[in-house]
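Hi,

Here is the structure I promised to pass on. Have a look at it first, and my notes follow below.

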Amino acid sequence: MPLSVQTRREKQKAELRSELVEAAHKLVQEEGYEGLTIRKLAKRVGYAPMSVYSYFADKQDILFALAEDAFETLARRIEAHPADDPIEALQAVMTEYAAFGLGNPNEYRTVFMTEKTRLPEGRSYEDMEEGNPAMKVLISRVEACVAAGKLKGDPRAIATMLWAVGHGTISLLITFPFYPFGDPEAFVKRMCDFTLASLSTQDVPPLTETPVNC
């Protein structure tokens, strides 16, 4: 059955947006945050700058698009490493997160270490949460650990604390490469093991008084 004019336009728009996001990934991998401009992005895909503005209002919007795409990639990498033991499955999340960050330092610095001053136009926090499959996988694996009695407390709080430790560790490894951390992967594992051992000894309360749906 032939596609309607509207459906074709929507398909073309989605394809161009995907092309722009892919080009943005390459720009930050090659040139970092400073290299990501509307003009350079337009030139890379062969479109006028005004065409890019019809998809992204500004650089912040591009950063959010890159983050969502990175979360999808990370989620796929994590899900490719299941494990019967819930703690091992949780450790795989941290391992893949670290491998992603250390393997793509320019992109990690741009996407995860650049201040986001506002939500994208027309998007709520709930929308952003729905667009973050990596966090969903992390929370679900924490929930499995809680169900198995390996960890105790609020899954979202535990997941957020693990994310904070992982992000801090990767950020230090990227921004202070001259510091004697030893082998980066071994240091990441040490921090992960230390954090999980600490969390296993306590009942972790929620981060806020108002419950947040996972």
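You'll find Thr37 in the loop between α1 (5-31) and α2. The C-alpha atoms of Thr37 and Lys59 are separated by 6.9 Å, with the two residues 22 apart along the chain.

Some ground rules. This is a predicted model, where local features need pLDDT of at least 70 and side-chain atom pairs count only at pLDDT 80 or more, while totals for chains, interfaces and linings use all residues. Residues are numbered from 1 along each chain as its sequence is written, and side-chain values use heavy atoms, leaving out hydrogens and water.

Now the overall picture. The chain has ten helices and two strands (DSSP runs numbered from the N terminus: H or I of at least four residues for helices, E of at least two for strands). From the N terminus on, the order is α-α-α-α-α-α-α-α-β-α-α-β. Of the 214 residues, 39% count as buried. Among contacts (heavy atoms within 4.5 Å) between residues at least 6 apart in sequence, 70% join residues at least 24 apart.

Next, α2, which covers residues 38-45. Ile38, Leu41, Ala42 and Val45 are buried there. Seen down the axis of α2, these buried residues fall within an arc of 100° (taken from the directions from the helix axis to the C-beta atoms), so they line one face of the helix. Arg39 and Lys43, on the other side of α2, are exposed. Just after α2, Gly46 takes a positive phi of about 80°.

Finally, a helix pair. The axes of α6 (residues 105-112) and α9 (residues 155-175) come within 11 Å and cross at roughly 125° (axes are lines fitted to C-alpha atoms, for helices over the stretch in contact, and angles run from 0 to 180 degrees between N-to-C directions). The two helices are therefore oblique to each other (under 35 degrees is roughly parallel, over 145 roughly antiparallel, 65 to 115 roughly perpendicular, and the rest oblique). On the α6 side, Pro105, Tyr108, Arg109 and Phe112 meet His167, Ile170, Ser171, Ile174 and Thr175 of α9.

Cheers

Note on methods. Buried < 20%, exposed > 50% of the residue type's maximum accessible area, 1.4 Å probe, protein only.
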